[in-house]
Each structure stands twice: as structure tokens, then as C-alpha cells.
Amino acid sequence: MADTLAKSNQTKRWQEMDAAHHLHPFTQHDELAAMGARVITKAKGVYIYDSEGKRLIDGMAGLWCVQVGYGREELAEAGYKALQELPFYNTFFQTTHPYVAELSQKLSEVTPKGIDRFFFANSGSEGNDSAVKIIRYYWNLKKQPKKKIIISREKGYHGVTMAAASLSGLTSMHPQADLPLPGFVHIVCPDWYGQGGTMSPDDFGIKTARALEDKILELGADNVAAFVAEPIQGAGGLIIPPATYWPEINRICKKYDVLLHVDEVICGFGRTGKWFGSDTYGIEGDMMNMAKGLSSGYQPIAAVGIGPKIGDVLFNAGEEWSHGFTYSGHPVAAAVALANIEVLQKDKLVEKSGGTTGDYFQKKLASLNDHPLVGETRGTGLIGAIELVKNKRTRERFDEAMNIGYRCRLHCFANGLVMRAIGDTMVLSPPLVITEAEIDELIGLARLCIDLIAKDIGVS
Ligand SMILES: *Cc1c(COP(=O)(O)O)cnc(C)c1O
């Protein structure tokens, strides 16, 4: 479709093997076979390279995760050293190893106050599944076994395993696997741009937070175990809550004794300009989930952090906790995650995301607002979105069938930029190491591709 460039024989061979034998995540396979998968062969800094030698600037840091950029020696060396010294040992049955002990200690330093104990998994989805089990177990230990319903939000994304997909509020994920499971309930989200109408963002923030209170009252606080949410909703369309939203959520969770589980898988490790989205928005979570930026994606690892309310109960349960993965706290993954956090600290990447680099990125992103197709830009730190709309004033969107976002993304690929399309919301989440010159290139290419889609549909 987008680029019908001649492909080398090597690329064709990989594409054929892949098409014949590989079931891809989030992919329509007949479409993929017709197009031929893009084969990414290497990456350095903020750039990825495909098997045809084409260079693309990675505006998405992989899948929102490569905070320190590609090709960092410190991470490679930490992984290599662990592979030589202790390629595997488990953390079951009263054993541990230096890598996981040191990572746990480091996480207790960088996570919000009170989050001091960590359980390790291998993906964000496993982290959230584990969190659901922790929540259920907590209320069982508290002798309130009726408190079991978990509330999350429309357009929330929490992963794909059975419980994580049940938490997710992207409804297209549900029917293929007959989800959500019983006991998972969804409420509206603070999507002001899409659903706020004529309300002010602040009023809309309060209104959408009170939807939690209404739902708790409807279900009965005695039946509600937890509220689960991302600080900023990522995969649901980069929904940034109005300033009024989180303080109200904090209040409601406390009032009804509903646990607050914060899904920091995208927002964590500097993405929003502070270490965690919880720091940016003053979220008072009882527990949190981390993955992606935890290892900058160099190794599969996730961590569920728990505060004293839950931790003190779990650590004094007086019985074995029957949960854990063979690879929980894997030494290689733990070593790489620790090296990643050390790079974030040494290079002051979180401070830069919340200061110089983030400010520059936000200023350049906002410069796109003069474009006739751009209804709004929004962002914080090194995350941002561009709304492509039919009518800037009324916020009316294009007919879905026009596939504006998808077509814009194809222009991006063809012109050397990876920018994600969520409907007609274009999303950027570059590596935190991005320089000002690279930001100029990134936003310049974004404008070029928005110009191209405007030309396609005859808007100027
Ligand atoms: C990506 C993501 C997940 C799932 O992580 P996986 O490693 O893909 O399982 C969970 N929550 C949020 C907020 C995410 O963005």
C-alpha cells in the first residue's frame, strides 16, 4: 500500500517466513501478507533502520518504552555481565540474588513515597494480572471477601491477559475472547477533547471523577475492591485528565475504602516530566504497575509496587503467597533495568523531560496548532498528541471510514517518521534522550505528513 518499493531478496525471504509462520500481535494478517511486514534490523539513539536500509526517527520510542534510546552500552554490558555470572536463578522458596535485591532497593528510592515493596513479572499485562490477584487476596485477608468488583475506565489500556484485558476499556478487545470477566466494571474517562462538549475542562474533570463515586454508590462500597487507572491514558488516545480529576479520585477512593491501583506502564520513568505520572498529578495510589520504561524495553520486565496499607497485610499473612512466575525478577532483566535507572539518573533524563527537553518538545508540538487540520495539540514532558479534525472550532471529527489517522501514519512511515495513529489522534512519545535538533526533525516531518494528508483530501 504505502511503499511498493522494490524489496531486496533478503527482505522478501524474511517477509515470506514471517507471513507463513508468525502470528502477530494486534495485526490483521491478510492485510499484512498483502503489504509485507516492515523488517526492522537495527536501531541507534532515536533512529530505527529497516532491512532496505531506510532510516526512521522513532517518535514512539518503540512502544512507548525506549526511554534511554537505542544502543546504550551500559545496558548491554549489564545484561552481558549477568548472563555470564548468573544467567538464571529463580526467586521462589526463600532464594534471591544481587540483581533483584538491588533493583528492589533502587525502585523504592525512585517510586512515590510509601511504595516500597515490589513483585516482579515479565510484562505489563502480567503485572496487572498479578495486581488483580493482590487486590483480591488483600480483601480476603481483611475478612471482607465481598469487596471484589474492580472499576476501571472506558478507553483504558491495561494489557491483554484475561484479567488485564478485562480491566481494559477498549471494547474492541473484548468480544473475541468473551470478555470482560465477571466483576470488572467500566466508567467514563476524562476525555475532554472528545466528550467534554461545551463544559470547561475543570468541570468535566470533576464530573468524570464523580462517575466513580456514582458507580461505587450504585454497586455498594462493600462490594467494590479497587479502582484501576493510568495517570494519562496512553493507548486509548493520549487522554490527559483536567487538573481537577485526580484530586477528586484520591478523595473518593479514600472515602469508600476502595484501593487505588495506578497503571504507570507508560507514564513511569520520566515520560510525563517527573519520575511517575503519580508525581505529576499528585495521585495517592495504594499500589502501582510498571513495565516499558523500567528497562527501556531492553529486557521484558514489570514490577508491581505496593504501599504500606497492602504491604503490611501481605507481609504478615502468616501463610505462603501462592503466586509467582519462573522468571519473576530474572537476573538479566533485573540487571538491565537497574542499569537503565542508573542511566536515567546519571544523564538527568527525567529532569530534562520535565525541563529543557520537554519544554522544547511541547513548544514545537504546539506550533502545529496553526495547521487547518489540527484541532488540538496536548502533552506533558515527552509525550504528546495531535488531533486531526474536520472542524477546529466544533472539534468535529472526520468520518471514520476516511481512515485519516491511519493514512497519515502511512505517510509518516514513507517519509522517515514513526508516529502512531489512534483513530485520528496522532501520538508522539520519543526517547527521553532526544535532542533539540532531533525534535525539530520530528515535528518537521509530522507537519509534512499532516500537509500530505490535507492535500489528499483537498484541504489547504
Ligand atoms: C503497554 C501497557 C500495558 C501492557 O504491557 P505489556 O508489556 O504489553 O503486557 C499495560 N498497561 C499500560 C498502561 C500499557 O501501556
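Tutor: The dialogue that follows takes up helices, a pocket and backbone angles in turn. This is a predicted model, in which local features need pLDDT of at least 70 and side-chain atom pairs count only at pLDDT 80 or more, while totals for chains, interfaces and linings use all residues. Residues are numbered from 1 along each chain as its sequence is written, and side-chain values use heavy atoms, with hydrogens and water left out.

Student: Which residues of H1 are buried, and which are exposed?

Tutor: Buried means under 20% relative accessible area, exposed over 50%, and partly exposed in between (1.4 Å probe, protein chains only). In H1, Thr11, Gln15 and Asp18 are buried. They cover an arc of only 65° around the axis, so they are on the same side of H1; the arc is that of the directions from the helix axis to the C-beta atoms. Asn9, Glu16, Ala20 and His21 are exposed on the other side of H1. The buried residues of H1 pack against helix H2 (29-35).

Student: What is Trp14 in contact with, beyond its neighbours within four places in sequence?

Tutor: Contact means heavy atoms within 4.5 Å. Leaving those neighbours aside, Trp14 is in contact with Val39, Thr41 and Ser51. Trp14 lies in H1 and is partly exposed, with a relative accessible area of 35%.

Student: Where do the buried residues of H5 lie around its axis?

Tutor: In H5, the residues Tyr99, Val100, Leu103, Lys106, Leu107 and Val110 are buried. Seen down the axis of H5, these residues fall within an arc of 125°, so they line one face of the helix. Their cover includes helix H4 (73-85), S4, strand S9 (287-290), S10 and helix H13 (331-346). H13 is itself mostly covered, with 13 of its 16 residues buried.

Student: How is a pocket defined, and what lines the second largest pocket?

Tutor: On a 1 Å grid over the protein atoms alone, a cavity is a set of points where a 1.4 Å probe fits but cannot get out, whereas a pocket is an open set with protein on both sides within 12 Å along at least five of seven lines; lining residues have an atom within 4 Å of a point. Grid points are joined across faces, edges and corners, and a volume is the space filled by probe spheres set on the points. The second largest pocket holds about 1000 Å³ of space. It is lined by 30 residues, of which Thr91, Phe92, Phe119, Trp321 and His323 are the closest to its centre. Helix H5 (98-110), strand S4 (117-121), helix H6 (124-141) and strand S10 (302-306) each give two or more residues to the lining; S4 gives the most, with four.

Student: Which residues or bonds have backbone angles that deserve attention?

Tutor: Most residues other than glycine have a negative phi, and most peptide bonds are trans. Trp64, in helix H3 (residues 61-64), has a positive phi of about 60°, and Trp64 is buried, with a relative accessible area of 2%. Lys143 also has a positive phi of about 60°, but Lys143 is exposed, at 69%. The peptide bond from Leu179 to Pro180 is cis, with omega near 0°.
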